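Student: I would like to go through the salt bridges in this model. Can we take them pair by pair?

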Amino acid sequence: MTTIEADEDDRGGWTVLALRGELDLVTSPEIRRRVHDAVAAGRHDLVVDLSGVRFCDSSGIGVLVAARRLLRSCGGRLRLVLPEAEESQGHVTRVFSALGVTRLFEVYEDVTAALAGEAPAPPPVPAPRSGTDASAPLPRPTPLPRTAP
């Protein structure tokens with residue numbers, strides 16, 4: 001059974017939602033409800049701290065994309081805290097990078113930076129697969145032979 005814990009804190013006009021656990025198909029409805037409750041209460045600026053999330057699947061990404069859309073529709077903002085890939089959070093960073101969704105969000109290294117609105121961290125770049133040289137140019141495609149119609 002997967003679990004998620006969410007602590008909510010109001011800080012200077014921002015609501016900080018600190019998540020711990022697994023953000024997946026089972027737990028994402030709870031996070032969706034928390035975001036909707038915040039918006040219904042008039043809190044439209046939200047920081048979601050993912051530093052305690054050890055697993056995230058496409059359902060978790062989906063709930064964050066939907067939260068972004070909801071907050072933008074009411075003039076609000078959504079900022080994510082996604083620390084650099086560490087052993088425990090590496091999975092979450094890789095999922096965001098692989099799906100290409102980091103470009104949709106303002107991503108920060110920690111809650112303090114997110115609240116201050118400091119320059120967002122650049123989107124994480126996945127490490128090259130072992131045995132490849134990331135600086136090597138890609139091979140040119142070989143043209144296909146022409147055949148008579």
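Tutor: This is a predicted model. The side chains of Glu8 and Arg43 meet in a salt bridge, at 2.4 Å from N to O.

Student: Which parts of the chain does the Glu8 and Arg43 pair tie together, and how many residues apart are they?

Tutor: Glu8 sits in strand β1. Arg43 sits in the loop between α1 and β3 (45-56). So the pair ties together parts that are 35 residues apart in sequence.

Student: Is Arg34 buried or exposed?

Tutor: Glu8 also forms a salt bridge with Arg34, with the closest N and O atoms 3.4 Å apart. That pair links strand β1 to helix α1 (residues 28-40), 26 residues apart. The relative accessible area of Arg34 is 18%, and the cut-off for burial is under 20%. Arg34 is therefore buried.

Student: What is the relative accessible area of Glu8?

Tutor: Glu8 counts as partly exposed. For Glu8 the value is 34%.

Student: Which residue forms a salt bridge with Arg20?

Tutor: The closest N and O atoms of this pair are 2.7 Å apart. Arg20 lies in strand β2 (residues 14-23), and its partner lies in strand β1 (residues 4-11), 13 residues away. Arg20 is partly exposed at 33%. The partner, partly exposed at 42%, is Asp7.

Student: How many salt bridges does the count come to?

Tutor: Some of them join up: Glu8, Asp10, Glu30, Arg33, Arg34, Asp37 and Arg43 are linked in a network. The cut-off is a nitrogen-to-oxygen distance within 4 Å. By that rule the count is twelve.

Key: Residues are numbered from 1 along each chain as its sequence is written. This is a predicted model: local features need pLDDT of at least 70, side-chain atom pairs count only at pLDDT 80 or more; totals for chains, interfaces and linings use all residues. Side-chain values use heavy atoms; hydrogens and water are left out. Helices (H or I, at least four residues) and strands (E, at least two) are DSSP runs, numbered from the N terminus. Buried means under 20% relative accessible area, exposed over 50%, partly exposed in between (1.4 Å probe, protein chains only).
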